[in-house]
Amino acid sequence: MVTITHVATRDIRFPTSLDRTGSDAMNAAGDYSAAYCILHTDTEHSGHGMTFTIGRGNEIVCQAIRLLADRVKGKSLDSLVADWGKTWRYLVSDSQLRWIGPEKGVIHLALGSVVNAIWDLWAKVLGKPVWRIVADMPPEEFVKCIDFRYITDAITPEEALQMLKKEEAGKAKRIEEAEQDRAVPAYTTSAGWLGYGQEKMKGLLQDTLGKGYKHFKLKVGTSVEEDRTRLSIAREVIGYDRGNILMVDANQVWSVPEAIEYMKQLAEFKPWFIEEPTSPDDVFGHKAIREALRPLGIGVATGEMCQNRVIFKQLLQQGAIDVCQIDACRMGGVNEVLAVLLMAKKFGVPIVPHSGGVGLPEYTQHLSTIDYVVVSGKLSVLEYVDHLHEHFFHPSIIKDGYYTTPTEAGYSVEMKPDSMDKFEYPGKEGVSWWRSEEARPILEGERI
Ligand SMILES: [Mg+2]
């Protein structure tokens, strides 16, 4: 028996604002950060979960993780995973903590970190990667992982069970494909950050094209002229008729009519979709944008800041999106993601997870594999950003334009101890980068 004995959090921040990695129309200077939940046990195993932020405020998430994780201290792993849906409900049921959500915002980011740490621990104890645990589950057990409260008007447990049973037929073959690293094609955003100059962008596009990528995403939303220039350069490199696909991402900067007008002026570059055109909460706004852009052949995508399964339910029910961009840790971890995978399957919308952040490709490779192998049975694509992977014990790897399916036990986000010490905030004097002279421009600079 494995019992959780104590819980630790770590506030880890990488100074990516220095070279504008991650920059977009809304987030000019992010420091890719991870709020860690580490579950220690009475065995050699420990569970690592994290949620992603972009710097300031990461300490607030760590504090919320401490409060939430207290609910699993002293519990056995077996008791937590025996009825996962019930455990998830238990974790959102501290009424006083619930008040500062409910099921959204900081407390929900913290939940993602805690829930994913339990999955990581479970996977390590079973000696399997997380995707494989789910792939090996009978449909009944998959359905039991989900708290169906608030979504039964879109999907019932019985319906979910039928859907999963139907996909069982081809599952063994798809597991084989996963084992041959052919389950998750990748797309890249690495070239497309807004703060990168034209030459850097062009070089990175050529570089990623050479590595076998077929999908490329660029940030847009500061000025039409600039975006037209950037998209022309991108199309010069990737062409229009070579099977390469372009996507654009506005990171919520527009109101609904602005989004429509702006995108009309970028239509000639033939993007597959516009991502986050407006507020992530605006279900009907996304629907209006989708309807206006459909005649131009441009789809609408969102999800990275979609706060929970309820908003996803509405986006899907209303026909507001063409692409569903789940995030591994903005929602309440694996279990809530599974609920959204099922709803997306029911409404026929492809899953293209959000992966632009530290640790996110490590997580989402499992989720996309689960979607392909167990739920949708259809190949999709998954974002990949080539930053900061060296800090992880088991980094995600791209080969020939596909994610290499993870085989190591766990959920792949355990960071090397040296990296944690070096980038801990505020960290120890003489150890942490944040205590060095180099950090001063960020710590004392203008806050944007
Ligand atoms: Mg995005």
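View 1. The model shown here is predicted: local features need pLDDT of at least 70, side-chain atom pairs count only at pLDDT 80 or more, and totals for chains, interfaces and linings use all residues. Residues are numbered from 1 along each chain as its sequence is written. Lysine 428 belongs to the loop between α17 (417-423) and α18 (440-444); helices (H or I, at least four residues) and strands (E, at least two) are DSSP runs, numbered from the N terminus. Glycine 22 is 406 residues from lysine 428 along the chain, and the C-alpha atoms of these two residues are separated by 26 Å. Proline 426 also lies in the loop between α17 and α18. The peptide bond that leads from tyrosine 425 to proline 426 is cis, with omega near -5°.

**View 2. The open sheet of β1, β2 and β3.** Three strands form an open sheet in the order β1-β2-β3, with antiparallel pairing; two strands pair if DSSP finds at least two bridges between them. Strands β1 (4-13) and β3 stand at the edges with a single partner strand each, so one side of each has no neighbour in the sheet. On average, neighbouring strands are turned by 15° against each other, direction ignored. Helix α5 packs on this sheet and touches β2 and β3, and its direction makes about 150° with that of β3. Angles run from 0 to 180 degrees between N-to-C directions, and axes are lines fitted to C-alpha atoms, for helices over the stretch in contact.

**View 3. The pairing of β2 with β3.** Strand β2 (residues 33-41) runs antiparallel to β3, and eight bridges join the two. A hairpin of four residues leads from β2 to β3. Isoleucine 38 stands opposite histidine 48, which is in β3. Seven of the eight residues of β3 are buried, so this strand is largely enclosed by the rest of the structure.

**View 4. The packing of helix α1 against helix α5.** Helix α1 (residues 58-69) packs against helix α5 (residues 105-126) at an angle of about 60°, and their axes are 8 Å apart. The crossing of α1 past α5 is right-handed; a crossing has this hand if the near helix is turned clockwise from the far one by less than a right angle, and is left-handed if anticlockwise. From α1, the residues that take part are Ile60, Val61, Ala64, Ile65, Leu68 and Ala69, which meet Val106, Ile107, Leu109, Ala110, Leu111, Ser113 and Val114 in α5. Two residues are in contact if their C-beta atoms, placed from the backbone, lie within 7 Å. The residues of this contact comprise twelve nonpolar, one polar and no charged. Ala, Val, Leu, Ile, Met, Phe, Trp, Tyr, Cys and Pro count as nonpolar, Asp, Glu, Lys and Arg as charged, and the others, Gly among them, as polar. In the loop between α4 (95-98) and α5 lies proline 102, which a cis peptide bond joins to glycine 101, with omega about -15°.

**View 5. The contact between domain 1 and domain 2.** The protein chain is divided into domain 1 (3-127 + 417-444) and domain 2 (164-404), with bounds from an automatic or database domain assignment. Taken over C-alpha atoms, the centres of the two domains are separated by 24 Å. In the contact, 29 residues of domain 1 meet 30 residues of domain 2. On the side of domain 1 that touches domain 2, β3 (46-53), α3 (84-91) and α5 each supply at least two residues. The largest share of that side, eight residues, comes from α5. By class, the side of domain 1 that touches domain 2 has 14 nonpolar, eleven polar and four charged residues.

**View 6. Helix α14 and the elements that cover its buried residues.** In α14 (residues 309-317), the buried residues are Arg309, Ile311, Phe312, Lys313, Leu315 and Leu316. Their cover includes α13 (283-293), β8 (299-302), β9 (323-324) and α15 (333-347). Glycine 319, with a positive phi near 65°, follows α14.

Terms used: Buried ≥ 20, exposed ≤ 12 C-beta atoms within 10 Å, placed from the backbone.
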